[in-house]
Amino acid sequence: MAFTSKSPHTCGHCQQVTLDFELDRDTNQFSCGVKEAVAADQAGCPLFHAFIVSLERGIRLEELQTTSRNLSFSIRYEKENLPDFPADLVLTVNETSKDEIGKSNVLGYSRLSLWTDEGNAAAVSVSTRPYELDPASPISVEFARRCIRSCQNDHEQCRRSIGDIMARQGPASIDPNAIPSRLLHLVTKNTELHVQLIGRSLPSAIEKETVSQEGYAILSYCWGGPQPIQLTHDNANVKNLENGIPVTQLPKSLRDAAWFTKEIGLKYLWIDALCIFQDDVEDKIHEISRMELNYGQSTVTICAASASKCSEGFIVPHEEDTTNYKFGPIELRAKFGSVQAVAEFDYFNGRRPPEPIILRGWTLQEALLSRRILIFSSYHLYFTCTVANASCGGFEPVLKPRVMTSYESRVANVHTISGLRDHQVTYVWRNIVNDYTQRYLGFPADKLPAVSALASSLIPMAKERNQNLVYLAGLMVDTSDPENYSWRNEFLWRVHQMQITSRIPTGSPSWSWSSLNGRIITRYRYPFDSSWNIAEETGDIRICEYGVDLENQIAPFSAVKGGFVKIHGRTKELSTIEGHKHKITTESDPTTTFTKTDHTTLVFVPDTEDGMHIVEGGIKGEQRVLLVELVPFYGSGDTPTGLIVAGATGTDRLVRVGIFEYQHPEDNRIAEDMALRKALFNGLKSEYVYII
């Protein structure tokens, strides 16, 4: 039977427990023997089942039923210490030896957290409440207001921009120059909420000082197809928005955003479909270039995580997710009032189905560029900022600073850049590419524009750390030392599944992942350890020249019409690999850096099915295909490794068709195999390779 906070479990067994919140944490509030605990578990009491489950590794249930061991089952109460810890029950199973010493050992240990309703007498001691299931309720609105206000007042880090990585604080107000070009002004006419478009190229200007002090919200959502209402140069369309239209005319997600923005006390809102001229390429380019400012300076980002299209809306009542309760809710008596004990399976929601918002490409940078996000998930309302998390109900009712940065928010893959700030920019970018390329874009041409603002914001961060990064059509290339290893990592990306990866007509060069539609895997691979002398080991391998042809000069991080790199290194024709055991692989494991095999094997990883046919033709000598060495032989690695290139149709240039590497048994030190790997490029002279 599934229990809920409205209908919790209760039975005669757990009603034996009466909690006294005044007792200290070392005092047992309940204890019993093994027979009582087993009987309660078999009667279906989840409180006692939690005891039994904690013993699974030490003693089986069958043994418990007949054991003569001296076991005691006890419950202690630990007071809350918010925001760090909610009030908890500590369940322990102890075994006391039967000798004169009477030594006690802990065999089982479990914790259940407590919540209670607002009006309950126990609420004086237990501040946590059941999850709020209605995102439109006064409780949800007040939660959002409180989180935003607390973050603004207490979090200096949340005031700085993403690029200003070294700053420790920022202004409390919004930089007037960072305010969006256009905004929706929320006004009430005849008791009905309207949105009025104001700003650039419109009769009503934005009062920047007012917006700077009062703030604005911004919406991150899934379009899910054509928008029924968009800003275009159609005179009637512009006129209607200038004069203001009732929010009832908007798709539900937009309507929900306008309503909630007003409820939390803000009067201005930015929505891409209504604040960018959708039929004006120049306006799109201009506004996309401002995305870092729009999202980074906004008071809060409203994330419509649960809606797969704009017509669905995200402010809808939810059903209580009973599948996520490991134990409970269990109603327990207290000296004054009552509480419910709960343990969740998936506290950070990592095993729940992904929210629709994380399947859309554009929304990745919208979240990462934000400093505060209200996440309307399929289950609950959450808040996250660059330093803390909170949930509307549950066990993080107030902003809780993050100490485990692997969990950036309570909703998987919806978070600010936060913990990533502490890493090298190239590491941050690799993580971004790995996530971004798993997402969907409605228009292939958006491949680079949809992360352009994010890329733009990371370059200043790199400069603050004395990294000289050049952005080349989706690659963050470290040019501070052209002979170093870092730039090689950028070019050695691979596809996850070749069969479902294809080239897309974006204009991106073949050596960039942005030329493909499909999941990309990037890895940090070299150097292997501090003993690897990069200058000595890599010889004359270097990147000599590079460049991209931008579609628009005012958007250096956006779409390109082409690009090239000129690399100096050794090459080998694919038809001359006799003596090397080899294979073609069509799928790569994103969780492992090196793939171990039974035999040392030269592995070809083509980017696409067409690339696989080119590799097959190159092996047979039917066409000229080259291996370009980027990282030479190194004993414990998958080296030598590099690019597979072939002639570009109609030119004397080359195009990338994949990468190559060696796979071998773990810690393989067989002299014959080592010599074979080392000999792949031995005796070959370096040459210039021009790849487009």
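Colleague: Where does N190 lie?
Modeller: This is a predicted model, where local features need pLDDT of at least 70, side-chain atom pairs count only at pLDDT 80 or more, and totals for chains, interfaces and linings use all residues. Residues are numbered from 1 along each chain as its sequence is written, and side-chain values use heavy atoms, with hydrogens and water left out. Helices (H or I, at least four residues) and strands (E, at least two) are DSSP runs, numbered from the N terminus. N190 lies in the loop between strand 6 (182-189) and strand 7 (192-199).

Colleague: Is N190 buried or exposed?
Modeller: Buried means under 20% relative accessible area, exposed over 50%, and partly exposed in between, with a 1.4 Å probe and protein chains only. The relative accessible area of N190 is 75%, so N190 counts as exposed.

Colleague: What is phi of N190?
Modeller: Most residues other than glycine have a negative phi. N190 is not a glycine, yet its phi is positive. The value is near 50°.

Colleague: What is the phi of S201?
Modeller: S201 is found in the loop between strand 7 and helix 5 (208-214). S201 is exposed, because its relative accessible area is 59%. Phi is positive here although S201 is not a glycine, at about 65°.

Colleague: Which residue does a cis peptide bond join to G328?
Modeller: Most peptide bonds are trans. This one is cis, with omega about 0°. G328 is joined to P329.

Colleague: What is omega for the bond from T639 to P640?
Modeller: P640 is found in the loop between strand 28 (625-631) and strand 29 (641-647). The peptide bond from T639 to P640 is cis, with omega near -5°.

Colleague: How many aromatic pairs does the structure hold?
Modeller: Rings of Phe, Tyr and Trp (its six-membered ring) pair if their centres lie within 6.5 Å; planes under 30 degrees apart count as stacked, over 60 as edge-to-face and the rest as tilted. By that rule, the number of aromatic pairs in the structure is 18.

Colleague: F21 and Y77 form one of these pairs, but how many residues apart in sequence are the parts the pair ties together?
Modeller: The pair is tilted, with 5.0 Å centre to centre and 50° between the planes. F21 lies in the loop between strand 1 (18-19) and strand 2 (28-33), while Y77 lies in strand 3 (residues 71-78). Both F21 and Y77 are buried. So the pair ties together parts whose separation in residues is 56.

Colleague: What kind of pair do W429 and Y471 form?
Modeller: W429 sits in helix 12 (residues 425-436) and Y471 in strand 18 (residues 469-472), 42 residues apart. W429 is buried, and so is Y471. Their rings are 5.8 Å apart centre to centre, with 80° between the planes, and that pair is edge-to-face.

Colleague: Over which ring does the charged end of R656 sit?
Modeller: A charge sits over a ring if NZ of Lys or CZ of Arg is within 6 Å of the ring centre and within 35 degrees of the ring normal. R653 gives one case, over the face of Y690 at 3.6 Å from the ring centre. For R656 the distance to the centre is 3.3 Å, and the ring belongs to W493.

Colleague: What is the relative accessible area of A341?
Modeller: A341 is found in strand 13 (residues 338-344). Contact means heavy atoms within 4.5 Å. Leaving aside neighbours within four places in sequence, A341 is in contact with residues including L89, L112, F327 and P329. A341 is buried because its relative accessible area is 0%.

Colleague: How far apart in space are S110 and T92, C-alpha to C-alpha?
Modeller: S110 is in strand 5 (residues 104-115). S110 is buried, because its relative accessible area is 12%. Not counting residues up to four places away, S110 touches A50, S54, L89, V90 and L91. S110 and T92 are 18 residues apart in sequence, and their distance in space is 6.5 Å.

Colleague: Which relative accessibility does N468 have?
Modeller: N468 is in the loop between helix 13 (449-464) and strand 18. Beyond four places in sequence, its contacts are V477, D478, T479 and S480. N468 counts as partly exposed because its relative accessibility is 41%.

Colleague: What share of the residues of the protein chain counts as buried?
Modeller: The chain has 17 helices and 31 strands. Its C-alpha atoms fill a box of roughly 85 × 80 × 40 Å, taken along the principal axes. Of its 692 residues, the buried share is 58%.
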